[in-house]
Amino acid sequence: MAHNREHWTSRMGFILAAAGSAVGLGNIWRFPYITGENGGGAFLLIYLAMVFSIGLSLLVAELIIGRSTQLDPAGAFKKLAGGAWPLVGYMGILTAFLILSFYCVIAGWTLAYTVKSITGSILVSDLDQVGSTFNAFITDPLEPVYYTAVFIALTVFVALGGVASGIERAARFLMPALFLILLVLVFRSLTLEGAGEGLAFFLKPDFSKVTWDTLLAALGQAFFSLSLGMGAMITYGSYLNRHDDIATSAVAVTLLDAAVAVLAGLVILPAVFAFGATPSAGPGLTFITLPSIFAQMPFGALFSALFFFLLAIAALTSAVALLEVVIVYFVDEGEANRRKVALIIGVVTFALAVPASLSLGIWSGYTIGGKSLLDALDFFTNNITMPLGGLLVAIFVGWTLRRTAVAELVDGSAIAPVLVNAWHFIIRYVAPLAIVLILVNGLGLI
């Protein structure tokens with residue numbers, strides 16, 4: 001059914017949708033606490049350098065595969081090379097599905113905390129009490145599952161509309177809303193008394209704090225923040241018209257993705273310093289530290305609700321992309337009906353999301369390698385299949401497609417030859433080496 005393929009209605013529609021795929025919980029939840037743990041400004045600079053070199057180069061590579069074939073990830077590798085290469089596409093599809101199943105659980109928490117912000121039930125200044133509230137919520141057998149179901153239903157609803165009427169239309173509304181809320185929250189955070197210390201921590205580099213771990217953390221964040229290695233950008237690239245400009249679109253997507261991460265840092269870190277909290281609080285920074293800060297802030301309930309709603313929007317645009325990777329495989333390869341496939345995958349996702357949620361509570365006794373099901377899914381995808389997928393994409397485009405890939409890049413793009421050569425060098429040598437480091441570090445081997 002590839003001959004009836006839908007396409008983005010405009011370049012801006014694609015950029016917003018692809019940026020929506022890239023912008024997720026990793027930018028707004030993960031980035032600030034990783035920055036806090038790694039010394040602030042120096043980490044920010046290293047992250048930006050890596051996202052605009054290695055990250056951008058890999059993004060271009062995935063878009064080339066998608067645009068040149070107009071097919072799902074497995075079909076794309078089959079068309080371009082055959083042999084064992086389609087396994088890379090299948091791994092991407094599996095990765096997208098597994099991530100979606102636990103991502104929707106965490107995204108459900110953002111919906112719940114939006115509601116709880118409005119009711120005020122999480123707005124308590126005592127950190128221990130907020131921590132107990134959060135722990136009681138995520139271990140509850142029913143409430144998180146309910147919010148997971150609502151979030152999956154929203155994701156399926158967007159996907160049912162197809163590429164132009166569903167994904168693109170939602171992105172045109174959700175992405176501007178996301179930036180607007182971010183800017184409101186940045187203004188509120190920067191006008192807090194004592195915010196200057198947090199601003200200096202975030203924007204003033206202190207290279208004495210840079211360690212080997214800092215470099216690896218920045219490299220990993222740059223890779224994960226662009227939705228690479230899971231078939232999402234190959235899928236979105238396949239909806240580009242044959243001669244659409246890949247290079248400038250990829251730069252625009254990377255700029256928007258990095259901008260959200262930086263703005264999220266400007267929301268969270270000045271507020272953390274203003275209220276004397278610790279910036280290296282880890283994953284609990286968002287769901288435990290921030291509610292206690294909002295509780296001490298004028299109109300805290302409003303800003304808390306805005307923040308968690310912002311997180312929910314970011315999660316939704318990413319979840320839609322993950323779901324689309326799976327949908328397009330069945331539509332392309334099996335010529336299945338999109339609506340039927342979207343509904344079935346939504347139900348199957350929920351069926352895996354429920355035990356993932358319960359693994360934090362009443363099923364916590366059942367572990368995989370000492371990890372809860374949710375943590376095991378997270379570890380398997382983030383530390384193994386995503387980096388492995390990214391590595392194989394880099395090798396495929398750099399060493400198997402070679403000059404064909406270069407021809408695809410310059411088709412429709414007025415890109416300087418020196419930049420083309422730089423991209424080709426990065427994708428052949430630098431990116432594979434960088435991703436091997438991510439893989440080895442993720443497996444705890446260095």
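Is Phe273 buried or exposed? In this predicted model, Phe273 has a relative accessible area of 17%, and a residue counts as buried when that value is under 20%. Phe273 is therefore buried. Phe201 falls under the cut-off as well, since its relative accessibility of 13% makes it a buried residue.

These two residues also meet as a pair of rings. A pair of aromatic rings is described by the distance of the centres and the angle of the planes. In total, 27 aromatic pairs are found in the model. For Phe201 and Phe273, the ring centres lie 5.1 Å apart and the planes make an angle of 40°, so this pair is tilted. Phe201 belongs to helix H9 (residues 195-203) and Phe273 to helix H12 (residues 246-274), which means that the pair ties together parts 72 residues apart in sequence.

Other aromatic residues gather in a group: one cluster is formed by Trp29, Trp109, Tyr113, Phe134, Phe137, Phe287, Phe294, Phe307 and Phe308. The charged end of Lys371 sits over the ring of Phe379, at 4.8 Å from the ring centre, while Arg428 lies over the face of Trp399, 3.7 Å from its ring centre.

Helix H12 comes up again in the surroundings of helix H1. Helix H1 covers residues 11-22, and its 12 residues reach 16 Å from the first C-alpha to the last, close to the expected 16 Å. Of these 12 residues, 10 are buried, including Phe14, Ile15 and Leu16. The buried residues of H1 pack against several helices, among them H2 (25-37), H3 (41-69) and H12.

Technical notes
Residues numbered from 1 in each chain as written. Predicted model: local features only at pLDDT ≥ 70, side-chain atom pairs only at ≥ 80, totals over all residues. Heavy atoms only, no water. Phe/Tyr/Trp six-rings, centres within 6.5 Å; stacked < 30°, edge-to-face > 60°. Helix = DSSP H or I, 4+ residues; strand = E, 2+ residues; numbered from the N terminus. Buried < 20%, exposed > 50% of the residue type's maximum accessible area, 1.4 Å probe, protein only. Lys NZ or Arg CZ within 6 Å of the ring centre and 35° of its normal. Expected span 1.5 Å × (residues − 1). Contact = heavy atoms within 4.5 Å.
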